[in-house]
Amino acid sequence: MNSKKCTAVISWSFHAALLLSPVMAAAAAAPGAAVVKGGFQGYVQKAQVRGEPSATAGGTGGGGAADSGTAGSTGPAGPASVSASVTSSVVSQLSISAAACQAVGAAYRTDCLAKELQALAKKLPARGEYAAAREALAKASADLNSLSSQNRDNSQPRLRITVQADSETTRRPVAAVKQETAAETNAKALAILEETTTVLLRSSAGNSDVALHYQRIAQALNSSKVLLRSS
């Protein structure tokens with residue numbers, strides 16, 4: 001296999017085996033026996049991972065300005081008030097995002113979650129009752145992106161994840177952190193998610209109607225924590 005054009009496709013089932021080369025598999029593989037329990041479990045078998053050429057030693061390995069993790073100051077037009085349909089869409093996307101990030105190994109999960117939350121935050125309106133949720137998810141994405149960038153392993157390939165029947169079809173490639181820092185990085189990422197769920201719950205504390213929706217979003221985000229604990 002040409003090392004400059006190494007491409008692999010992994011079709012995931014609950015106990016799938018990696019089809020990557022041994023070197024790539026060491027960093028990219030999610031343990032075959034580790035099945036994450038949660039609302040996103042049904043999506044796991046539909047996730048695919050594609051390996052891309054490794055970044056050069058002096059490259060960013062998938063980071064850079066384009067991956068700032070921010071959602072921007074403006075968002076799409078959306079409802080001023082919370083609604084069951086929008087909240088359900090957010091919850092569903094968080095479940096799909098968790099499944100996507102389960103499909104890669106521990107070294108990739110912080111960057112994966114950063115990009116997934118960034119994409120979700122961009123879909124939420126910057127004004128109205130979802131604005132606080134958008135801000136919380138965008139901050140989490142930025143913090144996770146910064147954490148991933150600080151520990152980036154440019155020697156590992158970037159991976160592009162797709163999930164069948166998912167509207168988020170243009171996911172950015174995810175990058176790995178150094179294997180020796182993966183556990184510590186994921187522990188810090190876990191703390192970021194815990195802080196984000198707390199912020200979500202506090203943001204809606206004064207409005208019982210909004211609180212019910214934010215609780216659903218926080219609960220869905222909570223399901224992603226097991227990815228970092230199991231790594």
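**A close look at one helix pair**

Mentor: Helix 5 and helix 6 are roughly antiparallel to each other, a label for angles over 145 degrees, whereas angles under 35 count as roughly parallel, 65 to 115 as roughly perpendicular and the rest as oblique. Their axes come within 9 Å and cross at roughly 170°; such axes are lines fitted to C-alpha atoms, for helices over the stretch in contact, with angles from 0 to 180 degrees between N-to-C directions. The model is predicted, so local features need pLDDT of at least 70 and side-chain atom pairs count only at pLDDT 80 or more, while totals for chains, interfaces and linings use all residues. Residues are numbered from 1 along each chain as its sequence is written, and side-chain values use heavy atoms, with hydrogens and water left out.

On the helix 5 side, Leu-193, Thr-196, Thr-197, Leu-200, Leu-201 and Ser-203 take part in the contact, which is defined by heavy atoms within 4.5 Å. They meet Tyr-214, Gln-215, Ile-217, Ala-218, Leu-221 and Asn-222 of helix 6. Sorted by class, this contact holds seven nonpolar, five polar and no charged residues. Here Ala, Val, Leu, Ile, Met, Phe, Trp, Tyr, Cys and Pro count as nonpolar, Asp, Glu, Lys and Arg as charged, and the others, Gly among them, as polar.

Helix 5 (182-203) and helix 6 (208-222) also receive the buried residues of helix 4, as does helix 3 (106-123). Buried means under 20% relative accessible area, exposed over 50% and partly exposed in between, with a 1.4 Å probe and protein chains only. Among the buried residues of helix 4 are Ala-133, Leu-137, Ala-140, Leu-144 and Leu-147. Helix 4 covers residues 131-150 and reaches 29 Å from its first C-alpha to its last. That is close to the expected 28 Å, a span of 1.5 Å times one less than the number of residues.

Across the whole protein chain there are seven helices and three strands, in the order β-α-β-α-α-α-β-α-α-α from the N terminus. Both kinds are DSSP runs numbered from the N terminus, helices being H or I with at least four residues and strands E with at least two. Buried residues account for 50% of the 231 residues. Of the contacts between residues at least 6 apart in sequence, 79% join residues at least 24 apart.
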